[in-house]
Amino acid sequence: MKNIRYLIILALAMAGCETTIHPELNSAEQIVVVDAWVNQKPERQEIRITRSQPYFENANPTKIDGASATIEDLNNGTIYNFQEGETSYYWDPVNEPLGVVGHAYRLTVTVEGETYEAYSRLGRVPAIDSIEFQFNRKTLIINQDHYTAQFKALEPEGVGDTYWIKAWKNGVYLGKPGELNMTYDAGFTPGQSVDGQQFIIPIRKDFVNPLDENPDKKNEFLPPYLVGDSLYVEIHSIDRAAYEFLFGVYFQISRPGGFAELFAMPLANSTTNLQNIDKNSRKNIAGFFNVAAVSSRGQKITQEIAEKAKKSSD
Amino acid sequence: MKSILLGAICFLLATPCLSQNKITISGYIKDASNGEALIGATVFIKEVAGGTTSNVYGFYSLTLPAGSYSVEYHYLGFQTAVHEVSLTQDARLDIELSMREEMLKEVVITSKALDERLKSVEMSTNEIDIKSIEKLPAFAGEVDIIKSIQLLPGVTTVGEGASGFNVRGGTVGQNLVLLDEAPVYQSSHLFGFFSVFNPDAVKDVKLYKGGIPAQYGGRLSSILDIRMKEGNAKKYHVNGGIGTIFSRLAIEGPIKKEKSSFIIAARRSYADVLAKAFTDALSDGTKLYFYDLTAKTNFNINEKNRIYFAGYLGRDVFKFDRFQGFNWGNRTATFRWNHLYGNKLFSNYTLFHSTYDYGFQIGESNLDKYDWKSAIRTYNFKPEYTWFANTNNEVTFGGEAILYRFDPANALSVSDGVNTDISLDERKAIEASLYLANSQRISEKFSVQYGLRFSSFHYLGGTVFHYGDTTAGVMKPLRATSEKSEWETISNYGNLEPRASFRYQLTNSASVKGSYTRMNQYIHLISNTTASTPIDIWQASTNNIKPQQGNQVALGLFKNFKSNAYETSVETYYKWNKNQIDYIDGADLFINQFLESQLLSGDGRAYGVELYAKKNTGKVTGWVSYTLGRSELKVDGINYGTDRENRVGNWYPTRYDQRHNVKVAAFYDINKKISLSANFSYISGTPTTFPTDRITIQGYAIPYISGSSRNNYRIPDYHRLDLSATFNNIWRGKKSRRGEDYLVVSFYNVYARQNPFSIYFSQGRDRQPANQPVTTSATQLSMIGTIVPAVSYNFKF
């Protein structure tokens with residue numbers, strides 16, 4: 001029920017009072033975490049093999065040394081061997097990107113004497129046709145004239161494509177938990193199938209317009225875009241299991257607080273597609289493996305675009 | 001089944017025939033001031049040291065050998081009426097009782113009605129009269145029936161803003177809330193901050209937590225039976241009030257004197273009206289209001305027949321602009337016909353309809369929007385009979401047929417001008433039940449009540465989903481679908497529900513009671529959030545979802561002191577339930593045709609002790625209650641520890657497992673003009689899940705719980721004191737102005753405690769700088785962290 005985002009924003013003013021507390025937690029299990037989201041971008045592909053940390057330990061997780069990571073193309077037998085680096089295990093593409101759309105992949109990770117496997121299917125991705133800006137007068141929560149953006153991409157027909165849409169404003173990744181934007185076809189969930197169309201408006205617009213609280217004024221937000229700002233969007237194809245994983249993660253990490261706590265779901269462990277090849281092993285593992293195709297587009301609001309947007313709003 | 005019922009009736013019919021010259025006296029007991037039927041008034045015959053009580057329509061019937069009797073009519077707060085009758089033939093005695101004048105003075109209560117709690121077989125029930133409810137300090141000064149219920153032993157809530165209430169460790173969806181027999185599916189305005197019942201139209205509120213009579217069924221935890229006023233049959237009255245949230249107005253009066261009357265009561269919030277006056281920043285389409293309208297009328301056709309019509313309409317509307325908002329509301333309509341066969345068989349036929357629906361819209365134009373409506377509609381027919389066989393037996397029998405229409409999603413998604421209908425099919429189901437029960441007085445000291453209810457459920461036509469088995473706690477894979485025609489049964493369930501209770505009078509002022517209840521619940525409230533909310537959906541039992549079944553045993557000791565000035569009781573209960581619903585992690589419950597694949601099923605248990613003491617008379621009255629309770633679930637796939645292979649669940653506390661629950665309500669009448677009241681609540685913190693680790697994936701810090709524990713911690717305890725003062729007749733009632741009025745000044749959360757609603761773990765709402773470690777923290781949230789003062793002015797003329 002990602003739609004509740006609206007309710008949340010509007011209910012913020014109604015929010016009760018919140019205090020940061022420091023409860024004592026049960027001791028951390030410090031399990032192995034495999035963060036293996038690779039894609040076809042012509043850049044270094046990294047797999048992070050780390051250990052989970054005590055919940056309040058605000059430090060970057062450290063790499064587990066001496067592990068190995070290999071991805072195998074199950075359709076054509078290509079092997080991608082990942083090298084151990086400073087902070088991660090990596091593979092650098094030479095001429096060819098990692099993988100072929102439609103092929104299936106197996107990740108094999110060996111760490112601390114245990115071997116884990118995970119599977120992923122490399123899905124298709126629609127091109128982003130344009131990024132458009134709209135002019136908005138000041139509102140109750142954004143106290144100045146501003147612009148809002150949306151991207152246009154025609155989701156291909158055929159039910160069951162799943163994507164993770166990422167956005168950057170002026171080069172800064174929109175990585176707040178509430179901005180985690182995964183889609184099932186052109187809509188939110190398989191139960192509400194919207195296929196072969198433009199992505200629905202919350203996906204193509206609301207999640208790419210950052211709403212950051214105005215540090216100077218309570219209950220006010222900074223304008224999403226002004227003249228000179230830019231938006232860069234990427235659509236990553238993910239497989240169904242990765243979609244389910246992100247869908248679960250969204251509700252675990254997106255806690256806007258206040259009134260929205262009424263709608264919070266119980267805390268539970270996120271799923272993983274990694275499996276220990278030794279069925280009898282009692283060692284827990286967390287993490288996820290996905291191979292993605294990526295489409296992208298960026299746009300800056302030039303004076304010209306701004307004028308045009310302003311005119312068409314009249 | 002039918003033959004058992006018939007056999008039992010024949011047996012009971014045979015008993016009174018053994019002796020001869022039996023005479024029946026019967027009639028209605030009413031309030032002399034307004035003609036309202038008095039529910040549960042006692043009729044006591046000195047000569048036989050026994051009697052009966054009036055039913056919910058105020059009717060009573062007693063069969064005695066011919067002779068002379070002194071018949072006493074008692075009702076709490078009313079003057080006792082004594083009639084000397086010489087019975088040679090059947091007699092009709094309609095009685096009107098007058099309210100005691102000296103209500104405010106200290107009086108020695110001798111009214112027998114007060115020891116009703118001792119004498120009746122009923123246990124695990126609580127009644128609050130509307131006068132007490134009106135006096136209790138209320139949030140924002142708004143008199144609230146559901147909030148008052150929460151002051152009773154065994155009743156809790158998970159916090160401010162949560163809809164509904166929890167009874168003896170049950171879920172919100174396991175309560176059947178009845179307004180004049182019609183089920184009300186959502187009892188909240190503004191999420192859970194206010195309840196939908198207008199106190200001006202309510203006469204009687206009764207909560208059954210256990211020992212539930214056979215005439216009720218369909219929910220596991222409780223029945224909240226709310227009866228509306230019939231309307232003053234003697235003269236016109238206008239009732240109203242101006243509060244901080246609502247304004248209320250009620251009009252009641254006779255249509256034809258003593259023959260028929262009506263009541264119409266309305267409330268509306270006016271935050272939007274005020275807001276518009278102060279700011280122009282709200283856009284044109286902005287709406288924020290809630291209202292309810294309650295109406296009832298009755299016609300006394302003749303001595304044998306009486307009919308009632310009642311209706312309720314309530315709605316919450318939140319609209320942010322033309323294309324965004326949400327709303328919800330209930331509608332009920334009830335038609336009832338009381339008919340008397342002879343003077344011993346009382347019947348009531350009820351036809352009713354109830355709808356709960358909500359809508360949710362987002363978007364920004366007709367080309368890009370999302371519109372979702374959801375509804376549950378029920379159509380019921382309920383014949384009920386009470387046969388006042390003799391002074392020792394009162395037989396009730398009847399049945400109920402319910403047609404459910406579930407419309408989980410009537411939804412449209414429009415993206416860039418292209419419409420996609422994402423509606424789910426409407427589903428239908430029929431629930432039918434039959435019951436027979438007898439309330440029997442075996443000796444002066446020993447009474448029993450026993451009965452049997454047979455309930456059945458048919459899940460009807462449409463697409464049938466067949467799911468396969470998988471690891472517990474993971475989404476079930478869809479194996480196949482098939483189609484059934486509209487009225488064809490997909491799956492059916494039938495269950496026998498035995499009910500039994502007894503009372504044994506130990507001394508004049510003490511009795512012991514016990515009961516066993518089995519209940520089945522065929523429709524389920526699907527809610528996986530911290531608190532129940534208005535957008536929770538109702539789901540039928542299907543081929544994949546089994547009906548919930550609950551059993552409860554309860555034992556209680558009841559003792560009164562000082563001529564019933566003090567009532568006390570101790571009750572213990574143990575409940576064991578099957579097919580309790582839980583959810584897979586990351587369950588998607590909204591507009592999901594594969595909803596059944598997201599549900600888990602397990603066992604539940606709850607047990608506890610409830611202590612209750614009430615002071616009925618004097619300047620200071622009120623009650624104190626304490627509940628020690630536990631409520632747990634065991635569901636495979638949840639809280640499975642290290643058993644990753646089979647994921648066999650371990651017992652875990654439910655979200656509403658609140659160990660200690662202390663409630664105090666006190667009323668102090670200083671004089672005729674001023675009275676004070678206070679209530680205090682102390683509830684153990686609700687269980688919640690704390691993580692142990694954080695795992696970092698793609699820059700997000702995701703909580704991880706070692707051992708997959710559920711509800712392994714508790715948030716701090718909740719406690720709150722509210723005070724209010726009532727000033728009577730500040731304008732009316734003076735200088736020969738007609739009518740009366742009162743002003744209520746109330747303070748909610750007097751010592752401004754920031755009671756925790758939840759503790760959540762997150763990486764925060766702020767944008768985290770790139771390449772810096774993600775900051776995670778825990779936040780404690782209080783919904784209301786300050787004192788909330790309020791004033792309301794109420795009048796009646």
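This is a predicted model: local features need pLDDT of at least 70, side-chain atom pairs count only at pLDDT 80 or more; totals for chains, interfaces and linings use all residues.
Biologist: Why does N126(B) count as buried?

Modeller: A residue is buried if 20 or more other C-beta atoms, placed from the backbone, lie within 10 Å of its own, exposed if 12 or fewer, and partly exposed in between. N126(B) has 23 C-beta neighbours inside 10 Å, so it counts as buried. N126(B) has its place in strand 9 (residues 125-129) of chain B; strands (E, at least two residues) and helices (H or I, at least four) are DSSP runs, numbered from the N terminus.

Biologist: With which residues is N126(B) in contact, leaving aside its neighbours within four places in sequence?

Modeller: Contact requires the C-beta atoms of two residues, placed from the backbone, to lie within 7 Å. With those neighbours left aside, N126(B) is in contact with L152(B) and L207(B). The C-alpha atoms of N126(B) and L152(B) are separated by 7.3 Å, although these residues are 26 apart along the chain.

Biologist: What makes strand 12 of chain B largely enclosed by the rest of the structure?

Modeller: Five of the five residues of strand 12 (residues 175-179) of chain B are buried, so this strand is largely enclosed. In a regular strand the side chains alternate between the two faces of the sheet. In strand 12 of chain B, N175(B), V177(B) and L179(B) point one way, L176(B) and L178(B) the other way, and all are buried.

Biologist: How do you know that strand 12 of chain B and strand 17 of chain B pair?

Modeller: Two strands pair if DSSP finds at least two bridges between them. Strand 12 of chain B and strand 17 (residues 222-228) of chain B have five bridges in the parallel sense, with V177(B) opposite L224(B). Strand 12 of chain B is also joined by two antiparallel bridges to strand 13 (residues 182-183) of chain B, where A182(B) is the bridge partner of L179(B). The hairpin of strands 12 and 13 of chain B has two residues between the strands, and D180(B) takes a positive phi near 45° there.

Biologist: Why does one side of strand 1 of chain A lack a neighbour in the sheet?

Modeller: The open sheet has three strands in the order 1(A)-48(B)-47(B), with antiparallel pairing. Strand 1 (17-21) of chain A and strand 47 (758-762) of chain B stand at the edges with a single partner strand each, so one side of each is left without a neighbour. The twist averages 30° from one strand to the next, where axes are lines fitted to C-alpha atoms and angles run from 0 to 180 degrees between N-to-C directions. Five bridges join strand 1 of chain A to strand 48 of chain B, and E18(A) has L781(B) as its bridge partner. Five bridges also join strand 47 of chain B to strand 48 (residues 777-782) of chain B, with T779(B) the bridge partner of Y760(B).

Biologist: How many residues does each chain bring to the contact?

Modeller: The contact takes 75 residues from chain B and 77 residues from chain A. Strand 48 of chain B gives the most to the side of chain B that touches chain A, with six residues.

Biologist: What makes helix 3 of chain A close to the expected span?

Modeller: The expected span is 1.5 Å times one less than the number of residues in the helix. Helix 3 of chain A has 14 residues and reaches 20 Å from its first C-alpha to its last, close to the 20 Å expected. Of its 14 residues, 11 are buried, so helix 3 of chain A is largely enclosed by the rest of the structure.

Biologist: Which residues touch the most other members of the largest nonpolar core?

Modeller: A nonpolar core is a set of buried Ala, Val, Leu, Ile, Met, Phe, Trp, Tyr and Cys residues joined through C-beta atoms within 7 Å. In the largest, of 192 residues, V34(A), V233(A) and L246(A) touch the most other members. Helix 3 (residues 240-253) of chain A gives the most to this core, with seven residues.

Note on methods
Residues are numbered from 1 along each chain as its sequence is written. Chains are lettered from A and ligands numbered from 1 in the order in which they are written.
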